[in-house]
Amino acid sequence: MHELFAKVLNEKDLSKAGDLFSLEDRDIVGDIATALQKIGEITDTEDYINNDNDQSVVEICITRVTTAIREMDTIEEHSSGLVDLLQVCQRHNLNPVTQDKDPPHAKVASDIMSCLFMHYSKSRVMTMAIPVVVNFLSSDNKELSRNVSSYLSLAALDNADLLAKHMEIILNSIFRGNYILSTVLPQIYAQNSEPIIECTDRLMDILDQCDVSERSSLFQVFSMVAKSKPQTLEPHIPKLSEYLGTSVLAPLVLTMFVDMAVVNPTPFVGYAAALKASGEKQPVHLIQVCQIMGAIATINETQAQLSMEYFVSNLSQTDQAVLTVILQEVKALSLTHPDLLTHNIDKVSKLSQNGSSAVRILVQQLREDNQKRSSTLEKEMKSVSSQTEGAVTVITVGNPPNSANPNGVIVRHMSIPASHRSSEQSLAKSSRTSGSTARYDRPISPSSTDRHTDRLSMMSSGTVSSHHGPSLESMRDGVQHFCDKHFSTIRNFISNISARIPLPEVCSVINGRHKRFLRLSFLCGGKGDQCLYSKSYFTLDTKLPKPWIHLMFLSTQAKAASALSQHDYSISRLKTCWDSLQTDRTAGSFLTLVTSSFPSAKDQDLLIHELHSSRFFDVFEFNAAKKFWACFMCNHPEKMYDLMKNGTPVIAGQLREKKGRWKFLKRWKTRYFTLSGTQITYSKSDQQHETLPVSKIQSVKAVRKGYRDIPKAFEIFTEDQTYTFKAKGHQNIEQWVQCLHIAVAQAHKGDDSRPSRTEGEGRGPRRQDNIVIERPRSVMDTKL
């Protein structure tokens, strides 16, 4: 151990403790394990709690040790020693001495946890830390429990499975008043749901005592319960309905109610008025309200009539998404109550000139369905059998030849056996059951994808009768109609364009200083041993969000086995990005975008130009054999041996550098440059040498006059300067560019360039559903 460190810890010399910060991190990194062990021995003594000198020494030493661990990036080597120190603290009193003063062991524990959870994304560290840290939740120290809750919320982002193993401790802490810990529950529900479902009643009881963020987390949990065990929440419908008037929680409540109503709509009959009022007050909620009213319509004829009246009364809505859902509900309702459609077809037909193609398609199908039904009835009326108890009355309408009846109506009565009557009654009962089932499993709810799949399989197998109802195609939304109709065309288009234009892996909406913009992230398809982007993305802040999102939509659909709806997860995430960009709605809705003509040749050229400007094609090229875009190291692994020695890129030679203080006076100067490992060295004279660390290089670009021209020079970009160089020939330029790309990638190898990791580091990202919100910027990530 370093002499100074040993003196401070062995003699508990507070006067020398401050000098520890004068030591270099590299000089003490080898002493950290011993120092942690010695700190544990000091804190484990009986008189430590009353010894101010020892407490101060320990506090300074822990700060110095954790700083060295952070700067030298050795957390995985020393996480075991840090966790052992936490266990020492747990053996001592952690409860506050006074209202404003924490015990010394609680302070030590907080400092250690702060160091550990700064690296919450490292599974090895969290595997050791989480089982020990959760035990602090049992402490009566509320401030310590709140700190632990914050750390666990951070850890849950990447370690939900580890945290879910301790569900009992977490729930007990919440019920003891540590409500902030409820923010962890949505993240770990999927890994261990049963304990949460069993405690639904108790969680419901603490709703009013929680703040807005905590309450929102509980509602997210209830939404998950509604999908798996909806009957569990039925006794709490009155309580949940109280939050329909809040703008933040109402969407979660309504989504919950949709999933519950699809399974059992009867409990919602008494809340129809409240639901309608919510939709009237906040039109954005109309979609969910209509879906719930559609479920209520399956109960009986009276409720079906009331629901149809509600749908028709909202046909004047201007929101195309709302209109689409209303018409879908009308179609579903007409499966079991076709007369209701006939009585309202004139009002529905007024939308035939609507601006939305999805709405026009649905209206046309409703009109065709009604017309087919009317034609069928006319034919059937020529020979209709009307069943009565014990007899059949056959009515023939028309004026058949040799008719003796001047009115053209012949009425005949005949008896039928009792066995036939029972058969007819059974058939009628079966028909009603089939109709109810068809309505129960309708694919309306965006959160009911499993029921949607079941419904499609029932329709394709003929299990559900649709003789008087719409076909399978009519049950889908506008996006799904479009995709189904153009499925093969979409696949052919993406197949043809994929060799010219790479498709992003992730798109994110960023809150800039003046407006939001779209960030695209591209992934290397090769992912070889020497891949330049094995742990990061190539990012591009685009000025052309419309064609990019359109292409990402088409690509997602092309990869799918069947037509996707706008409620599919990947499509809904794209819709979220598009909607968040359209603050003034001038570019149209998401439905309008994705059902419009495919990006034209001009649009494609603009995208390619943008990729060239961002230097994408300097690094990536299309692998025709494997049909994906990859960095040049993955496409040409054989070049590794020419460009690299001992695992690092090495190249040297004369380059002409453009130098000069003023742009119009810059001149080319020849110098000898050497790239070796982590730095570029060049000679200014025989005696003087300058270096440029590779870690400071942000990007490298080959300079061409046109896209297809041979590069004449290359540029190196740092944070505050641009260097321009010429080599003897274009092959030398390409070698320099390739070597520099490898060196830069290796220098940043440990960094994750995705926004959800690099920006706002140390502040802790928050996640709501599938939207990642970061500090200081807001990001909505969509991964396809």
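Trainee: Is S223 buried or exposed?
Mentor: The model is a predicted one. S223 has a relative accessibility of 8%. The cut-off for a buried residue is under 20%, so S223 counts as buried.

Trainee: Which residues is S223 in contact with, leaving aside its neighbours within four places in sequence?
Mentor: S223 lies in helix α15, which spans residues 212-228. Once the neighbours within four places in sequence are set aside, the contacts of S223 are with L252 and M256.

Trainee: How many helices and strands does the protein have, and what percentage of its residues is buried?
Mentor: The protein contains 35 helices and 19 strands. Among contacts between residues at least 6 apart in sequence, 62% join residues at least 24 apart. Of the 784 residues in the protein, the buried share is 48%.

Trainee: Are α6 and α7 roughly parallel or antiparallel to each other?
Mentor: Two packed helices are described by the angle between their axes and the distance between the axes. For α6 (residues 75-90) and α7 (residues 104-116), the angle is about 155° and the axes are 10 Å apart. Angles over 145 degrees count as roughly antiparallel. The two helices, α6 and α7, are therefore roughly antiparallel.

Trainee: How do the residues of the contact of α6 with α7 divide into nonpolar, polar and charged?
Mentor: On the α6 side, I75, S79, L82, V83, L85, L86 and C89 take part, and they meet H105, V108, A109, I112, M113, C115 and L116 of α7. By class, the residues of this contact are 12 nonpolar, 2 polar and no charged.

Trainee: What covers the buried residues of α6?
Mentor: The buried residues in α6 are I75, H78, S79, L82, V83, L85, L86, V88 and C89. An α-helix has 3.6 residues a turn, so residues three or four places apart point the same way. The cover of the buried residues of α6 includes α4 (32-43), α5 (52-72), α7 and α8 (123-133).

Trainee: What span is expected for α6 at 1.5 Å a residue?
Mentor: Helix α6 has 16 residues. From its first C-alpha to its last, α6 reaches 21 Å. That reach is close to the expected value, 22 Å.

Trainee: What is the handedness of the crossing in which α1 passes α5?
Mentor: The axes of α1 and α5 are 10 Å apart and lie at an angle of about 150°. The helices α1 and α5 are therefore roughly antiparallel to each other. The crossing of α1 past α5 is left-handed.

Trainee: Which residues of α1 and α5 make the contact, and how many of them are nonpolar?
Mentor: From α1 the contact takes F5, V8 and L9, and from α5 it takes V57, C61 and V65. By class, the contact of α1 with α5 has no polar and no charged residues, and its nonpolar residues number 6.

Trainee: Where is K12 found, and is K12 buried or partly exposed?
Mentor: K12 is in the loop between α1 (3-11) and α2 (14-17). Its phi is near 50°, a positive value in a residue other than glycine. With a relative accessibility of 29%, K12 counts as partly exposed.

Trainee: What is the phi of D73 near?
Mentor: D73 sits in the loop between α5 and α6. D73 is partly exposed, at a relative accessible area of 49%. D73 is a residue other than glycine with a positive phi, near 55°.

Technical notes: Residues are numbered from 1 along each chain as its sequence is written. This is a predicted model: local features need pLDDT of at least 70, side-chain atom pairs count only at pLDDT 80 or more; totals for chains, interfaces and linings use all residues. Side-chain values use heavy atoms; hydrogens and water are left out. Axes are lines fitted to C-alpha atoms, for helices over the stretch in contact, and angles run from 0 to 180 degrees between N-to-C directions. Helices (H or I, at least four residues) and strands (E, at least two) are DSSP runs, numbered from the N terminus. Angles under 35 degrees count as roughly parallel, over 145 as roughly antiparallel, 65 to 115 as roughly perpendicular and the rest as oblique. Contact means heavy atoms within 4.5 Å. Ala, Val, Leu, Ile, Met, Phe, Trp, Tyr, Cys and Pro count as nonpolar, Asp, Glu, Lys and Arg as charged, and the others, Gly among them, as polar. The expected span of a helix is 1.5 Å times one less than its number of residues. Buried means under 20% relative accessible area, exposed over 50%, partly exposed in between (1.4 Å probe, protein chains only). A crossing is left-handed if the near helix is turned anticlockwise from the far one by less than a right angle, and right-handed if clockwise.
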